[in-house]
Amino acid sequence: LLLVSSSLLPSRINGVFLGAAASSPSSSLGGLLGRSSHRCAVRGDQAPVRYQRYRLPHAGRQFVHVAAAAAPPSSFEELDAYLQTLGVSNRNERARLIDLNTNPRSLFSAKRRKGVTSRIVARPLNVEADVKPVIDYLLNTGVGKDYLPAMLTSQPAIIGYSVENHIKPLVSYLEEIGVENVGELLVKRPTLLGLSVDQSLRKIVDYLQSTD
């Protein structure tokens with residue numbers, strides 16, 4: 001199982017508040033996506049974060065790993081302004097990206113578009129703690145900034161993924177199997193970022209190798 005991080009449950013570790021309580025199980029992320037187990041962890045010098053397992057709706061046994069730092073959520077305007085700096089110029093597209101990633105009841109999630117996954121774990125996002133680290137890491141892998149708008153449009157969930165627990169293991173595995181320019185591959189196939197190494201990608205590669 002992949003662990004999904006959330007700050008929706010109240011807890012304190014060494015005096016650090018980890019999140020606000022949901023009003024009821026049905027209104028929480030866990031209530032929307034199913035039962036979950038959770039634990040707390042500390043990453044480097046960051047504040048503790050809450051990890052939870054969530055089964056995505058209509059996704060079989062597929063799980064996606066996202067991370068939420070103990071930071072207050074950014075406003076719509078702050079998220080919108082940051083997406084503008086990345087080159088997402090269409091206002092409606094920015095609104096769609098934000099709504100998909102922050103609103104568990106987003107109407108956009110019901111609209112399936114060719115090549116776009118609708119399986120997104122929506123949660124509050126902080127630009128500095130959640131979104132910017134993802135973008136910075138992708139740029140460091142060789143993804144050109146000019147390609148970011150198209151990547152975010154085709155794979156909206158990118159901005160909510162965990163760098164340490166989802167994207168880095170994916171990039172490491174691609175390098176392990178001989179991909180020389182991971183950034184170029186992700187630009188061409190951004191939907192790869194939606195795959196779990198152990199739940200999906202490794203099995204696909206093993207099958208293809210067995211048929212050679």
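Let's start where two helices meet: P169, L170, Y173, L174 and E176 of α6 are in contact with V197, L201, R202 and V205 of α8. Please keep in mind that the model is predicted.

Helix α6 covers residues 163-176 and helix α8 covers residues 197-210, and the two pack at an angle of about 15° with axes 11 Å apart. Because angles under 35 degrees count as roughly parallel, α6 is roughly parallel to α8. The crossing of α6 past α8 is right-handed.

| Helix | Residues | Residues in the contact |
|---|---|---|
| α6 | 163-176 | P169, L170, Y173, L174, E176 |
| α8 | 197-210 | V197, L201, R202, V205 |

Where does S74 lie? You will find S74 in the loop between β5 (49-52) and α2 (76-85). Is S74 buried or exposed? With a relative accessible area of 14%, S74 is buried, because buried means under 20%. The S74 side chain comes to 2.9 Å from the backbone nitrogen of V127. Leaving aside residues up to four places away in sequence, S74 touches L79, L125, N126 and V127.

Finally, the whole protein. Its 8 helices and 5 strands follow the order β-β-β-α-β-β-α-α-α-α-α-α-α along the sequence. Of its 212 residues, 44% count as buried. Among contacts with a separation of 6 or more, 62% come from residues 24 or more positions apart.

Conventions
Residues are numbered from 1 along each chain as its sequence is written. This is a predicted model: local features need pLDDT of at least 70, side-chain atom pairs count only at pLDDT 80 or more; totals for chains, interfaces and linings use all residues. Side-chain values use heavy atoms; hydrogens and water are left out. Axes are lines fitted to C-alpha atoms, for helices over the stretch in contact, and angles run from 0 to 180 degrees between N-to-C directions. Helices (H or I, at least four residues) and strands (E, at least two) are DSSP runs, numbered from the N terminus. Angles under 35 degrees count as roughly parallel, over 145 as roughly antiparallel, 65 to 115 as roughly perpendicular and the rest as oblique. A crossing is left-handed if the near helix is turned anticlockwise from the far one by less than a right angle, and right-handed if clockwise. Contact means heavy atoms within 4.5 Å. Buried means under 20% relative accessible area, exposed over 50%, partly exposed in between (1.4 Å probe, protein chains only). A polar contact is a pair of N or O atoms within 3.5 Å; within protein, one must be able to donate a hydrogen and the other to accept it, and residues adjacent in sequence count only if both atoms are side-chain atoms.
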